[in-house]
Amino acid sequence: RQHHGLSDAMLALALLAVAVGAVACLALAGRLIAAQGVRRVAAVSGLSMCALLALLLQGQGLAWLLPLMVAQGAAIGLFDVAINTEGSAIEARLGRPVLSVMHGLWSLGGMSGGALGAALLARTVPPALQLPLAALACAVVVALLVPWLGTVPPATGHVAGQGWRDMPRSARATLAGCGVLAVLALMAEGAMYDWAVLYLQRERSLPPAQAASGFAVFSGAMAVGRLSGDALRRRVAPQRLLAGSALLAAAAMTAALLVAPPLAVLLALAGVGLGLANAIPLLFAASAQVPGATPAAGLAVVSSLGWLGVVLGPPIVGGVSE
């Protein structure tokens, strides 16, 4: 925000650009995975994410930022569907829930990144240096691990990826319902990802390093919730688990706005993380098992609708703030 000289409304526009790129690519994700396989789609989109991250602070102003954000959103969207398609296939092969644990590792990545960013800021390492180093490290991980993927190979012969109109009406109705719930979950998650640190810094007067730790606390709590989520899914009906999680997230987010002591705010953010932890894994697992839809197509539909929450949430917060 400081580097590019953005107001709250301009930052909201940049965040909107990420979601626009993601939604535009998600419409093609199912067909791309069917044509190219998970491994190739994950490799290209993963390495693209790293390259775009490295460039984020190398120029200045919206003219530099917006095209990068649109492209980053497209890469994130493709990578998201590819990895979740692979995860759903592994879950089906094992015959037991594992998707929540995989999403928990994603949250551990967010926690680690937030904690590392806070530590580097405390040591005055400039963000323009931090991002290329992080991008390089992530590119090495992508290059090493993506070749191990392959549970979902390219479709053989002339089989095309399934589109929305190829599904029976019952499948479309179920996926639409999952998608609406994903909109709500990702609207709340997006607000936390994109505004929680600024909220702690500006409204709670915390220094940047402590404010960055708020994101780490939120992601860490989300990781704990997801790492225990598969065990919960075996014991609690998915509908009941989703409803209870939503109530916890709403109550904790309200508390984060009302309580004053910084430690209490951080505990409230942890409660939000626990509440939101299993919403998306539950919905993605359901969307990959809808009769009449392939896993990749079902995930692409719910991811596309869910990204509307990312489109709507952070820009609304930024517009109201402005």
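Predicted model: local features only at pLDDT ≥ 70, side-chain atom pairs only at ≥ 80, totals over all residues.
Helix H4 comprises residues 127–145, 19 residues in total. The distance from its first C-alpha to its last is 27 Å, close to the 27 Å expected at 1.5 Å a residue. Three residues of H4 are buried, namely Gln130, Ala135 and Val142. Viewed down the helix axis, the buried residues of H4 fall within an arc of 125 degrees, so they line one face of the helix. An α-helix has 3.6 residues a turn, so residues three or four places apart point the same way. On the face of H4 turned away from the buried side, the exposed residues are Leu133, Leu136 and Leu144.

Helix H3 also packs with helix H6, which spans residues 208–227. Two packed helices are described by the angle between their axes and the distance between the axes. For H3 and H6, the angle is about 165 degrees and the axes are 7 Å apart. Angles over 145 degrees count as roughly antiparallel, and H3 and H6 are therefore roughly antiparallel to each other. The crossing of H3 and H6 is left-handed.

Helix H9 is formed by residues 262–276. Its 15 residues should span 21 Å at 1.5 Å a residue, and the end C-alpha atoms of H9 are 21 Å apart, which agrees. The buried residues of H9 are Val265, Leu266, Ala268, Leu269, Ala270, Gly271, Val272, Gly273, Gly275 and Leu276. Among the elements that cover these buried residues are helix H5 (169–203), H6, helix H8 (238–258) and helix H10 (279–287).

Ala22 is found in helix H1 and is buried, with a relative accessible area of 0%. Neighbours within four places in sequence set aside, Ala22 is in contact with Gly73, Ala74, Gly77 and Trp307. The C-alpha atoms of Ala22 and Val70 are 7.5 Å apart in space, and these two residues are 48 residues apart in sequence.

Ala296 is found in helix H11, which runs over residues 295–321. With a relative accessibility of 11%, Ala296 counts as buried. When residues up to four places away in sequence are not counted, Ala296 touches Gly30, Ile33, Val81 and Thr85. Ala296 and Val81 are separated by 215 residues in sequence, while the C-alpha to C-alpha distance between them is 7.1 Å.

Most residues other than glycine have a negative phi, and most peptide bonds are trans. Thr124, which lies in the loop between H3 and H4, has a positive phi near 55 degrees and is a residue other than glycine. Thr124 counts as exposed at 68% relative accessibility. Ser205 lies in the loop between H5 and H6. The phi of Ser205 is positive, about 60 degrees, although this residue is not a glycine. Ser205 is exposed, with a relative accessible area of 61%.

Methods. Residues numbered from 1 in each chain as written. Heavy atoms only, no water. Helix = DSSP H or I, 4+ residues; strand = E, 2+ residues; numbered from the N terminus. Expected span 1.5 Å × (residues − 1). Buried < 20%, exposed > 50% of the residue type's maximum accessible area, 1.4 Å probe, protein only. Arc of directions from axis to C-beta. Axes fitted to C-alpha atoms, helices over the stretch in contact; angles between N-to-C directions. Parallel < 35°, antiparallel > 145°, perpendicular 65-115°, else oblique. Left-handed = near helix turned anticlockwise from the far one by under 90°. Contact = heavy atoms within 4.5 Å.
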